[in-house]
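Subject: Structure for your review

Dear colleague,

Please find below the structure that I am handing over to you. My findings follow it, and I would ask you to read them with the model open.

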Amino acid sequence: MADTPPTRPVRRRRMALLAVALAAATALACWGAYRWAEAGARAALTLNGDQRLGLYASSIRNAVGRYDYLPFLVARDHEVLGLLEQPSEPARDAVNRRLEAANAAAGSAALYVVDRDGLALASSNWRDPAQSFVGQTYDFRPYFRQAVEDGGGRYFGIGVTTGLPGYFLSQAVRQAERLIGVAVVKIDLEPLQHDWTAGGERVLVTDENGIVFLSSHADWRYRALRPLPAAVKARLAETRQYDRSDLKPLGLHDGPVEESGARLVSLPDPAAGPAAPAAARRAYLMQELPLPEFGWTIRLLSDLEPVRTEAAGAAVLTAMGILLLAAASALGYQRRQTLRLQREARAMLERRVEERTAELVTANRVLREAQEELVQAGKLAALGQMSAALAHEINQPLAAIRTFVASTRLLAERGETVLVRDNLAMIGDLAERMAVLSGHLKDFARKGPARVEAVPVARAMDRALALLAPRLRDEDIRVEQAIPAEARVRGDAVRLEQVFVNLLRNAADAMDAVADDRRLTLTAARVAEGWEIRIRDTGTGIAEAHQFQLFDPFFTTKEVGQGLGLGLSLSYGIVRDFGGTLRAENNPDGGACFVVLLPEAHDG
């Protein structure tokens, strides 16, 4: 009995130490579970955001691209040319009605024509005196200046006449190389914003000055991400781009940048209302995707509250698990049962993680192999369709070699060594010709992963032309090439050759129905984004109904058995993987033009 009092304090101290250790372990495990769950949820959020940004970019490009042709058509209309040359009321009335009908058929917001001084002479909305552009002067608008200086322009702004926002496409109207006016189409992008709002996401599009002009939230429109410098405000006031808008700062606060490139930001909580205190802000994960052809940037704001909720839930579950484990460990038999179940659960979890990891690794490998096989299938399909002509190209020098060998044998018997040397030289030249052609075929058909390197554009084009030389010669297709020797782009030589072969073959197919003047014009020019390579033909051009389906997989206008419709889709994917773009347009004088834009390769 004398030992009992000292024993109880020791037991209490042990229990207190165990409680402290349990609390510390619980806190540490909860923190780890929170961070792990938060990282996983944020990664999933980022992946989903990247996919959504791609869809939004496609929707914007489609919304604008369907009207690209309108200014070109108006600029070449004979009645429009007549009005700009000799303005008169009868001519104005005729063009007004013509533009009204064209605008209604295309579904654009407005279609109008201004003279060389920026005065609107005719417009599709001429019937409404309050909204009509006729008689208004637009020489201060950037799209007018761009058309006058560069031949065409693109510009987003709020209409100074209607007060309605829109995207303007302009085209210079010329008569005998003399500027006589500008044709303009205004595109309404409001339907895009309605779709974004209905989707419940937070999307905004900013211009080069960081001004939000398209957004799923009306309160964010015509607000600046950050305070605007005085020079920018003065320029915007001069062009009246955002007429009658004060362009107040949006209140965006920047946070750290994630490894994925996304940024943590905060904005005033729209649900808190205007009377809420300044501290009422909401955190978002902001991802952005540039649209270089417009000079815009799409930004997606993903709410971080679900991420925090999921992480907190993981931490709570972890804490509950630890507490349950501690309670069970206090009991003998139940402790052993609990430990056994925990080991089984952990083993099952690890096994599921391993299985899932293995499935993901296998799926990624299969996807990469499928992509490589699809590219290889495209190359082999092209070689298969060219096989007859290439066989003929090789058989010619083979037949000539046999003839030279026979004649050389006779000359050798006669002792005419000079002629024998000449014949041997001719045989060597023919063999070299076959070696070059077979080398092109071997390089083109080889299978392997893409290597990003500096690729001379002229050499890649020459190799593609060499593979297609028999067909071009047999079909009397003339090639005009003007590609500078210094044109070097970032990409893979063999895959770039495949892109050129696909585009050249499509151009040759388009000229099948042309009786004369079958001509390919190949050019390359340095632009701000890199090198722009143009492949023009004199074929039948691209039908309007097919312009937005050209790069869809398995879309083809050829007869059954003439193609799978994969060439342009594969080419589009290859160019995109190199960081470039591929688009198609119709030439003003007939035929089609495919434009490949690739980043320039710099030495070192």
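This is a predicted model: local features need pLDDT of at least 70, side-chain atom pairs count only at pLDDT 80 or more; totals for chains, interfaces and linings use all residues.

The partner of β8 is strand β7 (residues 211-215), and the two are joined in the antiparallel sense over two bridges. To see this contact in the model, look for I211, whose bridge partner in β8 is A224.

Strand β5 spans residues 178-187, and nine of its 10 residues are buried, so the strand is mostly covered. Two strands that pair with β5 can be described. Strand β1 (residues 110-115) pairs with β5 in the antiparallel sense over six bridges, and here V114 stands opposite V182 of β5. Strand β4 (residues 165-175) also pairs with β5 in the antiparallel sense, over nine bridges; S170 has V184 in β5 as its bridge partner. β4 and β5 form a hairpin with two residues between the strands, and in this hairpin A176 takes a positive phi near 55°.

Next, the interior. In soluble globular proteins, nonpolar side chains tend to be buried together. The largest nonpolar core in this model has 51 residues, and those that touch the most other members are I60, F156, Y167, L189, Y242, W296 and I298. Helix α1 (residues 4-65) supplies the largest share of this core, namely six residues. Apart from this core lies another one, of 43 residues, which includes I483, F500, L582 and L598.

Which residues does Y167 touch, not counting those up to four places away in sequence? They are V64, R154, Y155, F156, V185, K186, I187, L189, F294 and W296.

Finally, the surface. V316, L317 and M320 form a nonpolar patch there, and together they have about 310 Å² of accessible area. M320 is located in helix α8 (residues 305-329). Is M320 buried, partly exposed or exposed? Its relative accessible area is 47%. Because buried means under 20% and exposed means over 50%, M320 counts as partly exposed.

Yours sincerely,
A colleague

Terms used
Residues are numbered from 1 along each chain as its sequence is written. Side-chain values use heavy atoms; hydrogens and water are left out. A nonpolar core is a set of buried Ala, Val, Leu, Ile, Met, Phe, Trp, Tyr and Cys residues joined through side-chain atoms within 4.5 Å. Buried means under 20% relative accessible area, exposed over 50%, partly exposed in between (1.4 Å probe, protein chains only). Helices (H or I, at least four residues) and strands (E, at least two) are DSSP runs, numbered from the N terminus. Contact means heavy atoms within 4.5 Å. Two strands pair if DSSP finds at least two bridges between them. Patches are made of residues with over 30% relative accessible area and no salt bridge: like charges are joined within 9 Å, nonpolar side chains (Val, Leu, Ile, Met, Phe, Trp, Tyr) within 5 Å. Accessible areas come from the Shrake-Rupley method with a 1.4 Å probe; for residues, only the protein chains shown count as cover. A salt bridge is a side-chain nitrogen of Lys or Arg within 4 Å of a carboxyl oxygen of Asp or Glu.
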